Amino acid sequence: MAKFLILARPRKPMPEKANVEGARAQWRELRDHGKAEVYEIIEDNGAGFAVFLDVDDHDELMTILFRNPLGNWGEYTVLPLGTLEGETQAMRDAGIIR
C-alpha cells in the first residue's frame, strides 16, 4: 500500500464551474471506505482539502485524481509519505546507516 498527502485547492479566482461539492462528496466516499482521512482547508477563496490517501499503486492514485469533480479547475499537490521504520530500513539496505 502506498500513502500520499494530497492538497487539493480550487484555482483562484474560483471559476463558477468548479464542482467543489462534487469533490467534497468524492473525498467523503473515499473516507467512508477507509481509503482516506480528509480535512477541509478553509481559505479566502473557498474550501480546499488535505487528504491522507492509502492506495494500492500509482495507477489507483491517478484514477482517483482524474475522476475528481474539481477537475481542471483544481490545483493538486501530491506528496508521497513513508514510515520512519520503512525509511530507516531503506537507508540500511542502501548502506547509508548501520
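1. Is Lys 35 buried or exposed? With a relative accessibility of 18%, Lys 35 counts as buried, where buried means under 20% relative accessible area, exposed over 50%, and partly exposed in between (1.4 Å probe, protein chains only). The model is a predicted one, in which local features need pLDDT of at least 70 and side-chain atom pairs count only at pLDDT 80 or more, while totals for chains, interfaces and linings use all residues. Residues are numbered from 1 along each chain as its sequence is written, and side-chain values use heavy atoms, with hydrogens and water left out.

2. Surroundings of Lys 35. This residue belongs to the loop between α1 and β2; helices (H or I, at least four residues) and strands (E, at least two) are DSSP runs, numbered from the N terminus. Setting aside residues up to four places away in sequence, Lys 35 touches Leu 30, Phe 52, Leu 53, Asp 54, Val 55, Asp 56 and Glu 60, contact meaning heavy atoms within 4.5 Å.

3. The salt bridge of Lys 35. The side chains of Lys 35 and Glu 60 meet in a salt bridge, at 2.8 Å from N to O. The term denotes a side-chain nitrogen of Lys or Arg within 4 Å of a carboxyl oxygen of Asp or Glu. Glu 60 lies in helix α2 (residues 58-67) and Lys 35 in the loop between α1 and β2, so that the pair links distant parts of the chain, 25 residues apart. Glu 60 has a relative accessible area of 22% and is partly exposed.

4. Salt bridges overall. A search of the whole structure finds 5 salt bridges. One of them joins Lys 3 to Asp 54, with the closest N and O atoms 3.0 Å apart. Because Lys 3 lies in strand β1 (residues 2-10) and Asp 54 in strand β3 (residues 46-55), this pair ties together parts that are 51 residues apart in sequence. Lys 3 counts as partly exposed, at 40% relative accessibility.

5. Arg 24 and its partners. Arg 24 forms a salt bridge with Glu 40, whose closest approach, N to O, is 2.5 Å. The pair links distant parts of the chain, with Arg 24 in helix α1 (residues 20-32) and Glu 40 in strand β2 (residues 36-43), 16 residues apart. Arg 24 counts as buried at 14% relative accessibility, whereas Glu 40 counts as partly exposed at 40%. Salt bridges that share partners join Glu 21, Arg 24 and Glu 40 into one network.

6. The nonpolar core. The largest nonpolar core has 17 residues, of which Ile 6, Trp 27, Val 51, Leu 53 and Leu 61 touch the most other members. A core of this kind is a set of buried Ala, Val, Leu, Ile, Met, Phe, Trp, Tyr and Cys residues joined through side-chain atoms within 4.5 Å. At least two of its residues come from each of β1, α1, β3 and α2. In soluble globular proteins, nonpolar side chains tend to be buried together. Beyond residues up to four places away in sequence, Leu 53 touches Ala 2, Lys 3, Phe 4, Ile 6, Leu 30, Lys 35, Ala 36, Leu 61 and Ile 64.

7. Gln 26. This residue is in helix α1 and is buried, with a relative accessible area of 13%. Its side chain reaches the backbone oxygen of Ile 64 at 3.1 Å. Not counting residues up to four places away in sequence, Gln 26 touches Ile 64, Arg 67, Asn 68 and Pro 69.

8. Glu 37. Strand β2 contains Glu 37, which is partly exposed with a relative accessible area of 43%. A polar contact of 2.8 Å joins its side chain to that of Tyr 39; such a contact is a pair of N or O atoms within 3.5 Å, where within protein one must be able to donate a hydrogen and the other to accept it, and residues adjacent in sequence count only if both atoms are side-chain atoms. Apart from neighbours within four places in sequence, Glu 37 is in contact with Ala 50, Val 51 and Phe 52. The C-alpha atoms of Glu 37 and Ala 50 are separated by 8.3 Å.

9. The surface patch. Tyr 39, Phe 52, Leu 79 and Leu 81 form a nonpolar patch on the surface, with about 350 Å² of accessible area together. Patches are made of residues with over 30% relative accessible area and no salt bridge, like charges being joined within 9 Å and nonpolar side chains (Val, Leu, Ile, Met, Phe, Trp, Tyr) within 5 Å. Accessible areas come from the Shrake-Rupley method with a 1.4 Å probe; for residues, only the protein chains shown count as cover. Phe 52, found in strand β3, is partly exposed at a relative accessible area of 35%.
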